[in-house]
Amino acid sequence: MDCRLEVVVVPVSDVERAYEFYAGKLGFPVDSDFHPNEHFRAVQVTPPGSACSIVFGTGLGGGAAPGSLQGCHLVVTNIEKAHAELEAAGIENSGPQHFVDGAQTAGVHPEHEDYGTFVYFADPDGNSWALQEVRSPKR
């Protein structure tokens, strides 16, 4: 059985603020902004190149508290370029990090090892994300 992850629901407290962050600052195209009434709104954005979308809004159910989504990874082929784009958009971030003997260390992995360099950031509610550099996916 093939299974594809196609949507991640991100719990937010302010839909307009999340819209500005994901569509405005990160530049993720808006696929849908459905709000049939004042109690329900679903905004779907998709990171460029991704098969998985991000949905946020009001009345979506699930009961997750705003800011409770932690550690989702967005894979990029050039971590330095992606980091520069976060910086240019004014998004606070960790800067490139890699592991040395199990501890995170500042900087890009010296050999740009796949799955080896990360940049961490969060949306305005504290939902955390990681950019992870993968130039040659193993799958």
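Which residues does Gln-132 touch, not counting residues up to four places away in sequence? They are His-73, Leu-74, Val-75, Val-76, Ile-79, Tyr-115, Thr-117 and Phe-118. Keep in mind that this is a predicted model. Here is a quick tour, starting with the salt bridges, of which the structure holds five, and passing by the cysteines, where a search of the whole structure turns up zero disulfides.

**Salt bridges**

- Arg-41 pairs with Glu-16 in a salt bridge, and the closest N and O atoms sit 2.4 Å apart.
- That pair ties together parts that are 25 residues apart in sequence, because Arg-41 belongs to strand S3 (residues 40–45) and Glu-16 to helix H1 (residues 15–25).
- Arg-41 also has a salt bridge with Asp-33, side chain to side chain, at 2.8 Å from N to O.
- How exposed are these partners? Arg-41 is buried, with 14% relative accessible area, while Glu-16 is partly exposed at 48% and Asp-33 is partly exposed at 29%.
- Another salt bridge links Glu-133 and Arg-135, with 3.4 Å between the closest N and O atoms.
- Glu-133 is buried, at a relative accessible area of 0%, whereas Arg-135 comes out as partly exposed at 41%.
- Back with the Arg-41 group, shared partners join Glu-16, Asp-33 and Arg-41 into one salt-bridge network.

**Cysteines**

- With zero disulfides in the whole structure, what keeps Cys-3 out of one?
- Cys-3 is exposed, with 62% relative accessibility.
- Cys-72 is in no disulfide either, and the nearest cysteine sulfur, again that of Cys-52, is 8.1 Å away.

- Gln-132 sits in strand S9 (residues 128–133).
- It is a buried residue, with a relative accessible area of 12%.
- Its contacts beyond four places in sequence include Ile-79, Tyr-115 and Phe-118; Ile-79 falls within the range of helix H2 (79–88).

**Around Phe-118**

- Phe-118 turns up in several contact lists: that of Gln-132, that of Phe-99 and that of Gly-95.
- Phe-99 lies in strand S6 (residues 97–100) and is partly exposed, at 41% relative accessibility.
- Leaving out residues up to four places away in sequence, Phe-99 touches Gln-104, Gly-116 and Phe-118.
- Phe-99 and Phe-118 are 19 residues apart along the chain, and their C-alpha atoms are separated by 9.3 Å.
- Gly-95 is in the loop between helix H2 (79–88) and S6, and counts as buried at 11% relative accessibility.
- Gly-95 touches His-83, Phe-118 and Val-119, again not counting residues up to four places away in sequence.
- The C-alpha atoms of Gly-95 and Phe-118 are separated by 8.0 Å, although the two are 23 residues apart along the chain.

**Ser-53**

- Ser-53 is found in strand S4 (residues 53–58) and is buried, at 6% relative accessibility.
- Which side chain does the side chain of Ser-53 meet in a polar contact? That of Gln-44, at 3.1 Å.
- Once neighbours within four places in sequence are set aside, Ser-53 is in contact with Glu-6, Val-7, Val-8, Asp-31, Gln-44, Val-45 and Thr-46.
- One of those contacts, Val-7, also belongs to the surface patch described next.

**A nonpolar surface patch**

- Which residues form the nonpolar patch on the surface? Val-7, Val-9 and Leu-60 do, with about 220 Å² of accessible area together.
- Val-9 is part of strand S1 (residues 7–9) and counts as partly exposed, with 48% relative accessibility.

How values were computed:
Residues numbered from 1 in each chain as written. Predicted model: local features only at pLDDT ≥ 70, side-chain atom pairs only at ≥ 80, totals over all residues. Heavy atoms only, no water. Patch = residues over 30% accessible without salt bridge, like charges linked within 9 Å, V, L, I, M, F, W, Y side chains within 5 Å. Areas by Shrake-Rupley, 256 points an atom, 1.4 Å probe, with all protein chains shown as cover. Salt bridge = Lys/Arg side-chain N within 4 Å of Asp/Glu carboxyl O. Helix = DSSP H or I, 4+ residues; strand = E, 2+ residues; numbered from the N terminus. Buried < 20%, exposed > 50% of the residue type's maximum accessible area, 1.4 Å probe, protein only. Disulfide = S-S within 2.5 Å. Contact = heavy atoms within 4.5 Å. Polar contact = N/O pair within 3.5 Å; in protein donor to acceptor, adjacent residues only side chain to side chain.
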